[in-house]
Amino acid sequence: AVVSTQSTGTLVVGGVRHAAHRPILVARCEYFSAMYRSLPPHNDAVTISIGELEPTQDAFASLLRYIYCNDTDIPPEDTLYLITADKFYGFRNKQLQAYCKKSLETNIKTSNVVEILKAADQVGSSDMKEHALKMIAEHITAVQPTPSFKSLSRNLLLEVFEYLVQHLKTRQMVLPRSPHKQTARF
């Protein structure tokens, strides 16, 4: 089959319009298939989000490469936005979420662990969230001063605190006790 080089639709991300090919979108995504079958968008323009997230322009470019070419060579920073795209858009090929999860686990660092925790919480990925909480607990002195840590929601801060307490309790049980008894003096 020959694909026309002329666009047949427009995808909008952050106010920027991108030409797209409706037949490819429909063939690869249940979301677009249902949309174009039942209620075509006004002016043939679709505003792109992934649930409540609006992807960055770079993440959107990665998403289009995946839709058009099945390309999973996605930069780690884009995987935060794309980890839920598979479920949201109903891709017929289900490898995007697995790739994104593996990439996040492989590329998690103290500099991005809080953003990964937020994304994992938002998408309901309990194992990814557990992984991020563990890393935060193990590197709390490096993570705590960061602006992203200070911007955590109250609920996530409580979860970090609870995980940190459990982590410290576990470490305390493993650490050898001093042979000298210490008494508290008041």
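**Exercises on salt bridges**

Glu-159 is partly exposed, with 27% relative accessible area (buried means under 20%, exposed over 50%, partly exposed in between; 1.4 Å probe, protein chains only). The model is predicted, so local features need pLDDT of at least 70 and side-chain atom pairs count only at pLDDT 80 or more, while totals for chains, interfaces and linings use all residues. Residues are numbered from 1 along each chain as its sequence is written, and side-chain values use heavy atoms, with hydrogens and water left out.

**Exercise 1.** State how many salt bridges a search of the whole structure finds.

*Solution.* The search finds six. A salt bridge is a side-chain nitrogen of Lys or Arg within 4 Å of a carboxyl oxygen of Asp or Glu.

**Exercise 2.** Describe the network that contains Lys-129.

*Solution.*
- Step 1: Lys-129 pairs with Glu-159, the closest N and O atoms being 2.9 Å apart.
- Step 2: Lys-129 lies in helix H8 (residues 126-138) and Glu-159 in helix H11 (residues 154-174), so the pair ties together parts 30 residues apart in sequence. Helices (H or I, at least four residues) are DSSP runs, numbered from the N terminus.
- Step 3: Salt bridges that share partners join Asp-121, Lys-129 and Glu-159 into one network.
- Step 4: The N to O distance between Lys-129 and Asp-121 is 2.7 Å.
- Step 5: Lys-129 is buried at 13% relative accessible area, whereas Asp-121 is partly exposed at 34%.

**Exercise 3.** Find the partner of Arg-65 and classify both residues by accessibility.

*Solution.*
- Step 1: Arg-65 forms a salt bridge with Asp-71, with 3.6 Å between the closest N and O atoms.
- Step 2: Arg-65 has 32% relative accessibility and counts as partly exposed.
- Step 3: Asp-71, at 25%, is partly exposed.

Methods:
Helix = DSSP H or I, 4+ residues; strand = E, 2+ residues; numbered from the N terminus.
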